[in-house]
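Subject: Structure handover: ligand site, pocket and cavity

Hello,

Here is the structure we discussed.

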Amino acid sequence: QPQKEPELPLFFGWLLLPEVQERIKCYTMDFLKTLDTLEAFKKHLSDFTGEAEKTLDLEQYFEAKGPLHCTAKYCDYGKAEGAKEYAEEQVVKESYGGQTELSVTALFVTPRTFGARVALTEEQLKLWPTGGDTECLPPTLTGVDALPVGSRAHVTLGCSASVEPVQTGFDLLEILLLKQGGQEGTTEEEMELGTLSYLGQGRWYLALREAVTADATFSSYSD
Ligand code: ACK
């Protein structure tokens, strides 16, 4: 009788502890509320709405999807390339179920997604898959190789209607490329939480003055 292969999850990643999810949701919703009221944001409102609409409720605009987490390896139940190899890595097995602290260093908003940038530690980067930053990128997103490893690490906080959460990582990479390319925010504004920049086409980036920490468990998730 052949041994049944262990089943692979939708993804491996760092899942925020339930009480931490609540805290992060409140914190990030407060940011959306504030952003909504800024004159600078209102000036570029048509990036998000039709020309006719004069108001927007960002909290309604983004829909939360599933538990808050930072994806390490997307496996798609074994259909994604390298899923099995990743699951078999020693460091993955050893780290599985362990608790760690994620450091959120920025929040970003685009017409498609709302996310939190995560700065992975050296330890956490050992769980970042080879090629994780460039996996399944849209062809328009070029130059990602030049960004530091782990640049794509994020927590999806919400997506607009009919947008899939995989988009959040793309939006973050695009923003980081723009910033690296020297396109500083056309608008920069000091907020209580940090420096807010506008990078055109509805892309907003808030570099937090102080990183927000979030306790998480390295584990896997299946729908
Ligand atoms: O917000 P995320 O990181 O983006 O969390 C979800 C999670 O897997 C479950 O869907 C992420 N995801 C989906 N497709 C991919 C992909 N091709 N490469 C990397 N991450 C992906 C999605």
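Predicted model: local features only at pLDDT ≥ 70, side-chain atom pairs only at ≥ 80, totals over all residues.

Ligand shell

By that cut-off, the residues around the ligand are L10, F11, H69, T71, Y74, E135, C136, R152, H154, T156, P165 and V166. Sorted by type, the shell has six nonpolar, four polar and two charged residues. Two strands, β2 (69–74) and β5 (154–159), each contribute at least two residues to the shell. Of the elements, β2 gives the most, with three residues.

H154 places a polar side-chain atom 3.1 Å from an oxygen atom of the ligand. For P165 the atom concerned is a backbone N or O, and the distance to a ligand oxygen atom is 3.3 Å. V166 also has a backbone N or O atom facing this list, at 3.5 Å from an oxygen atom of the ligand. As for cover, the ligand taken alone exposes 450 Å², and the protein buries 84% of that.

The largest pocket

Where does the ligand sit? It is found in the largest pocket. The volume of the largest pocket is about 760 Å³. Its lining is made up of 28 residues, and those closest to the pocket centre are H69, T71, Y74, P165 and V166. The elements that provide two or more lining residues are β2, β5 and α7 (166–180). Here β2 has the largest share, with six residues. By type, the pocket lining divides into 14 nonpolar, seven polar and seven charged residues.

The cavity

How many cavities of 30 Å³ or more are there? The count comes to one. The volume of the largest cavity is about 60 Å³. Lining the largest cavity are L16, I24, Y27, T28, V104, L107, A116, V155, L157 and V212. Nine of these lining residues are nonpolar and one is polar, with no charged residue. The elements α1 (18–37), β3 (99–109) and β5 each supply at least two residues of the cavity lining. The largest share comes from α1, with three residues.

Regards

Conventions
Residues numbered from 1 in each chain as written. Heavy atoms only, no water. Near = heavy atom within 4 Å. Polar contact = N/O pair within 3.5 Å; in protein donor to acceptor, adjacent residues only side chain to side chain. Areas by Shrake-Rupley, 256 points an atom, 1.4 Å probe, with all protein chains shown as cover. 1 Å grid on protein atoms, 1.4 Å probe; cavity = no way out; pocket = protein on both sides within 12 Å on 5 of 7 lines; lining within 4 Å. Sits in = over half its atoms within 2 Å of the grid points. Helix = DSSP H or I, 4+ residues; strand = E, 2+ residues; numbered from the N terminus. Nonpolar A, V, L, I, M, F, W, Y, C, P; charged D, E, K, R; others polar. Points joined across faces, edges and corners; volume = space filled by probe spheres on them.
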